[in-house]
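Hello,

Here is the structure I promised to pass on. Please open it first, then read my notes on its aromatic residues below.

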Amino acid sequence: MTVALGAGVALAHFNGPPAEVTAAPATTPAPPATTESPAPRKTAPTPRSTTAKPKPPPKSRSTPSPKPKPKPTPKPKSIPLKPPTVPKSGAGTFTTAQASGAPVGDSGELRRYRVQVEEGIELSARDTAAEIQRILAHPRGWAAHGRGRFQLVSGDADFVIRIATPDTADALCLQQGLDTRGELNCETTDGVVVNLKRWMLGSPTFAGEAAEYRHLIINHEVGHEIGIRQHMGCPGPGKPAPAMMQQIKGLDGCRSNAFPYDEDGSYITGPIVS
């Protein structure tokens with residue numbers, strides 16, 4: 001009995017009043033499954049940086065390499081011209097220039113002249129006559145200062161200007177008793193004899209081209225034709241030599257000069273020497 005009572009107590013104590021049963025909270029049913037992708041989450045826009053981005057360095061343009069300067073073309077060396085060859089002798093006969101022109105000069109006696117060139121030399125009679133015509137018309141010549149008028153003709157003339165080889169010139173001058181030694185010009189009874197050597201080469205004492213020396217030849221010999229029979233000397237050191245000076249024989253301190261008159265129109269004179 002005792003045992004049984006104890007067991008009952010124990011049972012009673014075990015079963016005691018029933019414990020409160022707390023109902024489990026109702027669970028929310030899961031949403032039905034869907035096959036659509038979930039909407040993407042919106043993210044806040046990333047603020048733009050206020051710091052300016054550095055500009056990329058400019059593209060380096062390749063500087064074209066400078067073109068090499070062309071080498072200067074070397075100037076050809078000037079070869080001094082050989083003086084023309086002047087024959088010592090010729091045929092002794094002459095060709096008359098078939099040319100004529102108007103008188104040059106405004107006052108004084110008219111003198112007509114004819115130009116002749118020895119045959120067989122390389123000199124045109126017509127071209128030579130044209131050059132002499134220009135010489136007599138020069139503004140520093142005789143005609144420009146009233147010392148006569150001159151006219152180129154091919155027929156009857158008051159005097160003749162002949163260009164002759166040295167031997168022929170010597171022979172013509174010797175007829176007047178003049179020794180020109182193959183070098184000089186002279187005046188004869190019928191005109192002027194010009195040594196071809198002097199016409200082509202000039203004079204070793206003349207500081208100028210042969211073409212300028214030809215002015216002196218004509219001015220000097222035509223000076224005799226217009227009545228200036230005597231020669232002149234140097235008027236003083238450094239002064240221009242008179243056209244009537246025999247400059248080929250030396251200048252005596254004067255400057256060589258081919259014209260009777262200076263640029264200001266003054267007549268260039270000097271002491272009478274012969």
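Tyr-267 counts as partly exposed, at 31% relative accessibility. That value falls between the 20% and 50% cut-offs, so neither "buried" nor "exposed" applies to Tyr-267. Bear in mind that this is a predicted model.

Which ring pairs with Tyr-267 at 5.3 Å centre to centre? Tyr-261 does, and the planes stand at 45 degrees, which makes the pair tilted. Tyr-261 is buried, with a relative accessible area of 6%.

Aromatic pairs in this model come to five. One of them joins Trp-142 and Tyr-267. Their ring centres lie 6.1 Å apart. Their planes meet at 50 degrees, so this pair is tilted.

Where do the two partners sit in the chain? Trp-142 is in the loop between helix H2 (125–136) and strand S3 (149–152). Tyr-267 belongs to the segment after helix H5 (210–225). Trp-142 is buried, with a relative accessible area of 1%.

Put together, Trp-142, Tyr-261 and Tyr-267 make one aromatic cluster.

Arg-147 lies over the face of Tyr-267, 5.9 Å from the ring centre. Elsewhere, Arg-162 lies over the face of Phe-94, at 5.9 Å from the ring centre.

Best wishes

Technical notes. Residues are numbered from 1 along each chain as its sequence is written. This is a predicted model: local features need pLDDT of at least 70, side-chain atom pairs count only at pLDDT 80 or more; totals for chains, interfaces and linings use all residues. Side-chain values use heavy atoms; hydrogens and water are left out. Rings of Phe, Tyr and Trp (its six-membered ring) pair if their centres lie within 6.5 Å; planes under 30 degrees apart count as stacked, over 60 as edge-to-face and the rest as tilted. Helices (H or I, at least four residues) and strands (E, at least two) are DSSP runs, numbered from the N terminus. Buried means under 20% relative accessible area, exposed over 50%, partly exposed in between (1.4 Å probe, protein chains only). A charge sits over a ring if NZ of Lys or CZ of Arg is within 6 Å of the ring centre and within 35 degrees of the ring normal.
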